[in-house]
Amino acid sequence: NKEIKISSPRDVSALLINEMANLNQEVFKLILLNTKNIIISTKDIFKGTLNSSVVHPREVFKEAVQRGSANIIVCHNHPSGDPKPSQEDKELTRSLNETGIIMGIPLIDHLVIGDGIFFSFREQGYLDK
């Protein structure tokens, strides 16, 4: 069982893009990390309809607390192939970021995976520390 360290959004993309780019429904994944940003586990939190998914911070952070995660990354795909985040994606990211700050389990990034490309909320300045 090889340890995988996440150092950049590209690392997350390399790990998940082949699996997630061609799904015909949205899947929202949680990546749990230890203090060195090595993956503890990944889990599908929600599988949704073609263009909307309802994710609650409580499900995300319940899993993080139970597994002793120090940091989290979330990721979901857009079946359309366009990784541009929706308004709902932005609101969810803000909510997860605020919850992470309160709980002491920071949201390191939220990636939206499209057809061979991805959008990173961290890289685009939505998650400044």
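Hello everyone, let's start with one lysine: Lys43 has a relative accessibility of 38%, so it counts as partly exposed. On this scale, buried means under 20% relative accessible area, exposed means over 50%, and partly exposed lies in between, with a 1.4 Å probe and protein chains only. Please keep in mind that this is a predicted model, where local features need pLDDT of at least 70 and side-chain atom pairs count only at pLDDT 80 or more, while totals for chains, interfaces and linings use all residues. Residues are numbered from 1 along each chain as its sequence is written, and side-chain values use heavy atoms, leaving out hydrogens and water.

What does Lys43 pair with? Its salt-bridge partner is Glu63, with the closest N and O atoms 3.1 Å apart. This pair ties together distant parts of the chain, since Lys43 belongs to strand S2 and Glu63 to helix H2, 20 residues apart. By salt bridge I mean a side-chain nitrogen of Lys or Arg within 4 Å of a carboxyl oxygen of Asp or Glu. Helices (H or I, at least four residues) and strands (E, at least two) are DSSP runs, numbered from the N terminus. Glu63 is buried, at a relative accessible area of 13%.

Now for the sheet. Five strands form an open sheet in the order S2-S1-S3-S4-S5, and the pairing is mixed. Strand S2 (39-47) and strand S5 (118-120) are at the edges with a single partner strand each, so one side of each has no neighbour in the sheet. From one strand to the next, the twist averages 20°. Strands count as paired if DSSP finds at least two bridges between them. Strand S3 (residues 71-77) and strand S4 (residues 107-113) run parallel and are joined by six bridges; across that pairing, Cys75 sits opposite Leu111 in S4.

Which strands do the helices lie across? H2 lies across strand S1 (27-33), S2 and S3, at about 30° to S1. Helix H3 (residues 87-103) lies across S1, S3 and S4, and runs at about 160° to S4. Those angles, from 0 to 180 degrees, are between the N-to-C directions of lines fitted to C-alpha atoms, for helices over the stretch in contact, where contact means heavy atoms within 4.5 Å.

Back to the charges. How many salt bridges are there in the whole structure? A search finds six. One of them joins Asp44 to Lys29, with the closest N and O atoms 2.5 Å apart. That pair also links distant parts of the chain: Asp44 is in strand S2 and Lys29 in strand S1, 15 residues apart. Asp44 is partly exposed because its relative accessibility is 31%, whereas Lys29 is buried, at 5% relative accessible area.

Within helix H3, we have Glu98 and Arg94, four residues apart, about one turn of the helix. Their side chains meet in a salt bridge of 3.4 Å, N to O. Glu98 counts as partly exposed, with 41% relative accessibility, and Arg94 does too, with 48%. Elsewhere, salt bridges that share partners bring Glu19, Lys29, Asp44 and Lys47 into one network.

I'll finish with Val65. Val65 is in helix H2 (residues 57-66) and is partly exposed, at 48% relative accessibility.
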